[in-house]
Structure formats: C-alpha cells, structure tokens
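Open the model in your viewer and keep the selection tool at hand. The stops below say what to select and what is found there.

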Amino acid sequence: MLSRAARPALRAVATRPAAPNAATYATLREIEGRLKSIRNIEKITNTMKIVASTKLNRAQRAMQDSRVYGATSNAVFESAETKALESDKKKLLIVCSSDKGLCGGIHSGLSRYIRRRTAEDPNVELVLIGEKVRAQLGRTNAKDIVLSFAGAGKDIPTFAEAMNIADQIILLPNEYADVEIVYNKFINATSYEPTSVEAFSEEAIAASPNFSAFEVDEELLGNLREYALANSLYHALSEGHACEISARRNAMDNASKNAGEMINKYQILFNRTRQAVITGELVEIITGATASEDM
Amino acid sequence: MVFAWKAAGLTYNRYLAVAARAVRRSLKEEKRLQAERRGEQELRFAKWQNGKMGELKNLGEANAAAYTQAAGGSAPAS
C-alpha cells in the first residue's frame, strides 16, 4: 500500500528538477521531508516486527499444545464416527479472528471463505469473534449475524475466554443442526488456510454409529457437547492467534523491506537533485562572471 | 442423575470455570499469580438483530446474569 501510494509522487518529483530554480529548492526540501517520514515508518514497522517475533514463539507453543488438546477432544467423535445430521435447521458458523489489523490478508481470507460458504448455502447464521471480521462481514452478511465478540486475541487465548464464548453460544435461542468453527489453519510461517472444525449437536452425537461403545449416560451428552464446543473453540482461537502473529511478522518484515528500498531510492534522488542545484548555481555564477568580465 | 450445579442453572463450562478458579486460588502465592492470569478474560459481545448490531456488553457479566436467570433468580451465579 505504501509504495503504491508513493509512486505517483515519486514520478512527479523526478520530473520537476527541469523547472526553474526556485522550484528545485522546494523539491529538495520535499524530498527531505519524504525521506524523514519514510524513515519513521520503517522504524515503526521494524519495531512491530520485533514485537511480533517475540510473541510468535509463545503463540506457536500455545498453538501446538492446543492442537493436541483439540485433537484429543475430537478423538471421541472420530471413534464414534459422529456425522452432522442432515436436516433443514440452520447451520451456525463461528468465525475466529481478532481485533487488530496490520497483519496481511488473514482476516479477509476468513471473510472471503465465509462469503463463499454463504453463497453456496444461505441457510446459515454467523457468530463473529473479533472486530475485523465484524467490520468486513457486517457489510455483506449483516442479516446472518447473530452474535459478535470483541476483545479476543489480545494475548494468547485462554480457556476461560473459550468457555465464556461457548456458554454464550449455547444460550442462543435457536436450535442449530450443526455448529462449525472456522479458523485459520497454520500450515507454515507463510501460508494459512481457512479451515473448519465441527462441533456436533446432542442429537448428532447420540445418533453416531459407534457411540454406544462409550457407555455414556444420555443426560451427560449435553455436558459433553458444551465442553467439546469450548475445547474446539479454544483450539481454533489459539491456532488463529498464532497465524495472526506470524502473518503480522511477515507483513511488517515486508513493509520494512519496502521502506528500506524507498529510502535508498529517495536518497539517490535527493543527492542527484542537490548535485543538479549546485551545478546550476555554478553555471549561473560563472556565466555572470564571464559576462561582467567582457564589459 | 441430576447434578446440583445443573439444577442451579449453571452450564458445564461454568461449572468447570468455578472449579478451576477454586483450584487456582488455592495455589501458593507465586504460582497463583501466574495461574490466575490464565483465568482472565475481558471479552465484550453484541447481539445482532435484522442486520443491526446491538449494544456491546461485557461478556462475563452477561453470562453471570444469564445463570441467575436460568436458576429462577434464586442462586447467585458465581
């Protein structure tokens, strides 16, 4: 974004040294101001990158732990071969993003995924976690949204957060056929993919083919469902958080690099322009001197 | 089999949260401070209706209110 915005200005500045002298002085100062502001931006992006780098380690460790945790929680449903029930009830999509931007396209990646899903199957309702997706999906899918959360993802997500969100979702008045949690899956440091994990409804759990092997009381199913929802949410939030931090690190790394390039370019332009001004002045002085000698 | 906490209108997650808080509070001082940070949350949420966003509310308080309501207003939530 930075370089795109600055490029026309660069061209404008570069063509100006041909103009009369008074203007050349102005452009010199202009270039100097630009250089200074780009240097400041570089400093900021660099600092943000360092902050993100230090946070990244912790976030990744939390993600790895929560991944194991989420997988263990889902192992029950895997061995019970639980499947989502086919019914005409609405589907609930929970989108896990966060409040902060400046981290590349991970939020818009999620929004795009949700838009595609809602276009395929409009019989869904949305729960949004994080201000960024709220702003993006609030424009296009406002009527599908039932709940939105803010304030998540400032730090590494805690299980308390996941539990509170899960509780609020359970308290929703509507019955849903299926709950799906959408989050950014961390593939490697540069690529993420919107993925979804399912949290099943009670009927779906009870109807799963191998469930009788577990010998669980019918009454406890509700508890299991609530707990599994919180577990999956925790997993999704941690993984999303790690992705965000890693994406921010990359974005800031790129921004710093771009700023560095621009600084080099402007430095050269600045030197050239100064050189040209000096030469111009010399020519004027010499011409003046020769002219007065002849008189 | 009906649990006392279920009858009091708590969800399983809430029950877990209360239990976890009790465990955290019984830890030794230095461990406790670290552990209590894991129990914090400052989420806010808003309900949406017909494409309009409602008021932002504190999630913890709203949940507590919901539990007292579920319990018929008799039992305090936490």
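Begin inside chain A by selecting A:Asp155 and A:Arg58, whose side chains meet in a salt bridge with an N to O distance of 3.2 Å. This is a predicted model, so treat every stop as a feature of a prediction. The two residues are 97 apart in the chain and link distant parts of it: A:Asp155 sits in the loop between β3 and α5 (159-170) of chain A, while A:Arg58 belongs to helix α2 (residues 21-79) of chain A. Side chains of opposite charge can pair when their charged atoms come close. Over all chains the count comes to 15 salt bridges.

Stay in chain A and select residues 176-188 and 191-199. These are strands β4 and β5 of chain A, which run antiparallel and are joined by nine bridges. A hairpin of two residues connects β4(A) to β5(A). To see one of the bridges, pick A:Phe186, whose partner in β5(A) is A:Tyr192.

Next, move to the boundary between the chains. Select strand β3 (residues 145-150) of chain A together with β1(B): the two pair in the antiparallel sense over four bridges. Which residue of β1(B) is the bridge partner of A:Leu147? It is B:Lys47.

Now show the whole contact. Chain B contributes 30 residues and chain A contributes 31 residues. About 2600 Å² is buried between chain B and chain A, and carbon and sulfur atoms give 56% of that area. Highlight B:Asn13, B:Leu43 and B:Trp48, which supply 26% of the area that chain B buries against chain A, more than any other three residues.

Then select A:Lys154 and B:Glu42. They form a salt bridge across the two chains, with the closest N and O atoms 3.4 Å apart. The count between chain B and chain A is one salt bridge, and there are 12 residue pairs in polar contact, both residues at pLDDT 80 or more. On the side of chain B that touches chain A, α1 (4-7), α2 (12-25), β1 (44-49) and α4 (59-70) of chain B each supply at least two residues. By class, that side of chain B has 16 nonpolar, six polar and eight charged residues.

For the last stop, colour chain B by domain. Domain 1 covers 1-40 and domain 2 covers 42-73. The C-alpha centres of domain 1 and domain 2 of chain B lie 21 Å apart.

Methods. Residues are numbered from 1 along each chain as its sequence is written. Chains are lettered from A and ligands numbered from 1 in the order in which they are written. This is a predicted model: local features need pLDDT of at least 70, side-chain atom pairs count only at pLDDT 80 or more; totals for chains, interfaces and linings use all residues. Side-chain values use heavy atoms; hydrogens and water are left out. Contact means heavy atoms within 4.5 Å. Buried area is the accessible area (1.4 Å probe) that two parts lose on being put together, summed over both. A salt bridge is a side-chain nitrogen of Lys or Arg within 4 Å of a carboxyl oxygen of Asp or Glu. A polar contact is a pair of N or O atoms within 3.5 Å; within protein, one must be able to donate a hydrogen and the other to accept it, and residues adjacent in sequence count only if both atoms are side-chain atoms. Ala, Val, Leu, Ile, Met, Phe, Trp, Tyr, Cys and Pro count as nonpolar, Asp, Glu, Lys and Arg as charged, and the others, Gly among them, as polar. Two strands pair if DSSP finds at least two bridges between them. Domain bounds come from an automatic or database domain assignment.
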